[in-house]
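Morning, everyone. I have one structure to go through today, and I will keep it short. Please have a look at it before I start.

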Amino acid sequence: MQSLNVKMAQRQAGQSVRAFGMVRMDAVVSAMNVVGSSTAAAPVALRSSPPPRLAPGIPPLRPQANIVCRTATVDAPASAGSSDGSSIREDIRNIAIIAHVDHGKTTLVDAMLKQSKVFRDNQNTAERIMDSNDLERERGITILAKNTAVRYRGIKVNIIDTPGHADFGGEVERVINMCDGVLLLVDSVEGPMPQTRFVLRKALALNKRVVVVVNKIDRPAARPEWVIDSTFELFMDLGASDELCEFPVVYASGVNGIAGMAPDGLAADLEPLFETIIKEIRPPTVSPEAALQMLCANIDYDEHKGRIAIGRVTSGTIRRGQSVSICSSLEPGKVRPAKIAELFVYDNFSRVPVDEVTAGDICALSGIADIKIGETITQRDAPVPLPTIRVEDPTVSMTFKVNTSPFAGKEGKYVTSRNLKDRLDRELERNLALRVEPGETSDSFVVSGRGTLHLGILIENMRREGYEFEIGPPKVITREVDGKTCEPYEEAIVDVPETYVGAVVELFAQRKGEMVDLIPSIQGASRVKFRIATRGLLGLKNALLTATRGLGVMNTIFLEYAPVAGEILMRENGSLVAHETGQVTSYALESAQERGQLFVRPGDQVYEGQCVGVHAKAGDLKVNVCKTKQLTNMRAASKEIKVGLDEPRIMGLDDALEYINDDEQVEVTPKSVRIRKDPSAVTKGRKGK
């Protein structure tokens, strides 16, 4: 704690030292101008105030000389060059916007686009313009990283909008190489969250300049001072250099399109944010006369143009119609020829066709049908590849296999193992965080990803495209470390009202979770931090919502690999299993609903072995939900007593993936999501292995 106070005092003192160094720099520049204006002028004597004193016990800071160099670099003219032929492109800034989920990245990009006059004043634009995917709009999250560009005072600002959910961290790792700096958005109430640490760690590892934006500053419970202190502590925890710890701060409200340099001094627009970007984000240093090098960081597809490669031109110039070579650092010596058909740049929320793109800019090109992410587009006579893109390994896997249920082939368009393999191979071309391996049988594939949401989005996209298949239960990926079997552990942060803290702690304890910290938050809520095995998080979401009456919010991020935690109780209740194939009747449900909560309603078609509900007790129970009332010639002596049916629990794809146990699987079709018993699985009990 004492070292933390020392570092924070250093940071405050460093601001004074930096200001002092900039004053001295201004004085030196003024003196040079005076001397340069008249050769007969007398030498100028410079006086300056002594540097500020530091508090007792605090070691002095180093960075006066570094600050002078940094100021000189920012003020360098656009035509500045070096002996090796490199130059600085003052007309471009490349930035990525990174943050935790729901901290307002896409909303801020919307405001930047609107204030840059990209759209007409009377043009009707939707919210979250960058979230163009149907699933993104339905779920309210960003899934894929996207490019756009705006212009501010003649300077082009390339913007990369990135996902905020931990399961899509591979998208951030893939595109962060294209930028020179990042905007780190932090909520003015929540402060740094698990994904904030992940994305910031990636940016600092590449030595990217960071501009901290305290977003949603208009919230009634905003606490900007605490957020800045917490963010500074996060920088120190991640080992940021002294220069990077001196991050500039902008306060903003993305939804209102306003920003300022102080919480109580917001301008009427986002001009302070744009000014900070131009001033603090270094312009790209490029070598336009060198051999062409461009790393493919993303892939898009157009019905007419085919596959489109997206990346930043690292050196040289790329031209429309140019003959190039494709190579990769993973395959030394393997080079194949190609030709650029069309060339585009991003400008004002659209792709603009151009004839050539110079180093430092981000572009898109078509004509290379087999281009892959991580490959380098080079000059034909100089095929020198750039280092490929590497992302962290997946932690969860599922088995995809051909549908073998009695209803197989009735609703899907693509149902064979060949269809399934081709689709997964196409996904591998752009989803670097995904892994696909052959399964135990010829018609099954083991697909690994960052989490159940990562794989769930892939499954949902496939079913909407017409694919029909079955999914096995999610399993964690173990490793051998020093001769011991280790499994992934994650850090889970739960924001919950104080009333339910005890229930949350008890729930995590049942799944071998360890409480690391308990932070009293604001407005009667608390923040509880746990260390828990990824295996213990499977199926925990619904249990947490039940325990907290829907008021608990959980965020997780990968922490480390550690020895296996032992047996974890995954699900206490068994399943209600259909006894026969047929149509569900009201008469049968009257008695079946007494055994547990049902998934089906009258009129649904079910088959033998399908899970139609949750058993109220441990163990599975077969029920007949297709039973009909026997008709007789005898008239009833008294009027029948009708029993009302309970509303069934509708199981969506995410719910089904969380529910299934080791001996169950999910049948996925374009129209239905069903849970069934795996006929080939050996029952392993109700405990996770």
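I begin with E487, which counts as buried because its relative accessibility is 1%, and buried here means under 20%. Bear in mind that this is a predicted model. E487 sits in strand β26, which covers residues 484-497.

What does the side chain of E487 pair with? The partner is R535, and the two side chains are joined by a polar contact of 3.0 Å. If we set aside neighbours within four places in sequence, the contacts of E487 also include V476, T478 and A533, as well as the run E560, Y561, A562, P563, V564 and A565.

Now to the helix pairs. Take α6, residues 194-205, and α7, residues 224-237: their axes come within 10 Å and cross at roughly 50°. That makes α6 and α7 oblique to each other, and their crossing is right-handed. On the α6 side the contact uses T196, R197, L200 and L204, and α7 supplies L234, F235 and D237. By class, the residues of this contact of α6 with α7 are four nonpolar, one polar and two charged.

The other pair is α10, residues 417-430, with α11, residues 452-464. Here the axes come within 12 Å, with a crossing angle of roughly 130°. So α10 and α11 are oblique to each other as well, and this crossing is right-handed. From α10, residues L420, R423, L424 and E427 meet L458, N461 and M462 of α11. The contact of α10 with α11 divides into four nonpolar, one polar and two charged residues.

That is what I have; questions are welcome.

Note on methods
Residues are numbered from 1 along each chain as its sequence is written. This is a predicted model: local features need pLDDT of at least 70, side-chain atom pairs count only at pLDDT 80 or more; totals for chains, interfaces and linings use all residues. Side-chain values use heavy atoms; hydrogens and water are left out. Axes are lines fitted to C-alpha atoms, for helices over the stretch in contact, and angles run from 0 to 180 degrees between N-to-C directions. Helices (H or I, at least four residues) and strands (E, at least two) are DSSP runs, numbered from the N terminus. Angles under 35 degrees count as roughly parallel, over 145 as roughly antiparallel, 65 to 115 as roughly perpendicular and the rest as oblique. A crossing is left-handed if the near helix is turned anticlockwise from the far one by less than a right angle, and right-handed if clockwise. Contact means heavy atoms within 4.5 Å. Ala, Val, Leu, Ile, Met, Phe, Trp, Tyr, Cys and Pro count as nonpolar, Asp, Glu, Lys and Arg as charged, and the others, Gly among them, as polar. Buried means under 20% relative accessible area, exposed over 50%, partly exposed in between (1.4 Å probe, protein chains only). A polar contact is a pair of N or O atoms within 3.5 Å; within protein, one must be able to donate a hydrogen and the other to accept it, and residues adjacent in sequence count only if both atoms are side-chain atoms.
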